[in-house]
Amino acid sequence: QALGLRQGSQQLCSAMGLKSVSADVLSVSTVRGQHIPMVRTILGDYVPCGFNHGKTVYQKHTGESIFMYYWDARDGDDLSGWWFGEAVGGTEVWGLASTHGASPPHTGWKIPWDAKMAQHGILAVAPKSGPPGICATSGGPRPKISAPAPSA
């Protein structure tokens with residue numbers, strides 16, 4: 001399956017005019033959220049394919065319009081952190097982890113994004129083992145992936 005992800009990411013990179021480099025494919029799983037439609041939408045593998053606010057953007061490897069991305073504090077601390085949504089900075093969002101690390105956190109996700117607190121076991125993000133071959137810019141300017149801040 002890792003080979004399939006690698007080939008798929010190379011095709012996506014090529015279609016976007018990007019070159020392949022070593023980077024992690026991330027896998028999103030749940031222990032307690034199988035019954036929640038938003039969680040089922042999010043589950044799966046994500047490949048890096050762009051940048052926003054200085055951090056990698058990940059898209060569900062199926063090509064669906066489901067992204068995991070970082071939004072900085074320019075629109076307020078309560079809207080900053082790692083998001084799951086239908087577009088980078090879009091208005092349809094499902095989850096938020098209010099952390100600011102270089103990559104998405106393993107746990108601490110709120111589903112829905114405006115829940116009072118994260119539920120243990122609702123979502124886990126972890127690197128998927130497998131060969132490299134994920135999108136990155138080809139030395140030129142990074143693709144501009146910018147949009148209004150996520151909102152309710």
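These entries record what I looked up in a predicted model of one protein.

**Basis.** I worked from a predicted model in which local features need pLDDT of at least 70, side-chain atom pairs count only at pLDDT 80 or more, and totals for chains, interfaces and linings use all residues. Residues are numbered from 1 along each chain as its sequence is written, and side-chain values use heavy atoms, with hydrogens and water left out.

**Elements.** I took helices (H or I, at least four residues) and strands (E, at least two) as DSSP runs, numbered from the N terminus. I found two helices and nine strands. Along the sequence I read the pattern α-β-β-α-β-β-β-β-β-β-β.

**Sheet.** I looked up strand pairing, which requires that DSSP find at least two bridges between two strands. Seven strands form an open sheet with antiparallel pairing, in the order 7-6-5-4-3-2-8. Strand 7 (93–97) and strand 8 (124–128) are the edge strands, each pairing on one side only. The twist averages 35° from one strand to the next, with axes as lines fitted to C-alpha atoms (for helices over the stretch in contact) and angles running from 0 to 180 degrees between N-to-C directions.

I then followed strand 2. Five bridges join strand 2 to the antiparallel strand 8, and Val25 stands opposite Lys128 in strand 8. Strand 2 also pairs with strand 3 (residues 44–52), antiparallel and over three bridges; here Val28 stands opposite Gly44 of strand 3.

Next I checked strand 4 (residues 55–60) and strand 5 (residues 67–71), which pair in the antiparallel sense over two bridges. Gln59 stands opposite Phe67 in strand 5.

**Interior.** I searched for nonpolar cores, that is, sets of buried Ala, Val, Leu, Ile, Met, Phe, Trp, Tyr and Cys residues joined through side-chain atoms within 4.5 Å. The largest has 19 residues, and those with the most contacts inside it are Val28, Ile42, Tyr46, Met68, Phe84, Trp109 and Leu123. Strand 2 (25–29), helix 2 (37–42), strand 5, strand 6 (81–85) and strand 7 each supply at least two residues of this core. A second, separate core of 10 residues includes Val57, Phe67, Trp71 and Val88.

**Tyr46.** I listed contacts (heavy atoms within 4.5 Å). Leaving out residues up to four places away in sequence, Tyr46 touches several residues, among them Val25, Val28, Tyr58, Gln59, Phe67, Met68 and Phe84.

Note on methods: Buried < 20%, exposed > 50% of the residue type's maximum accessible area, 1.4 Å probe, protein only.
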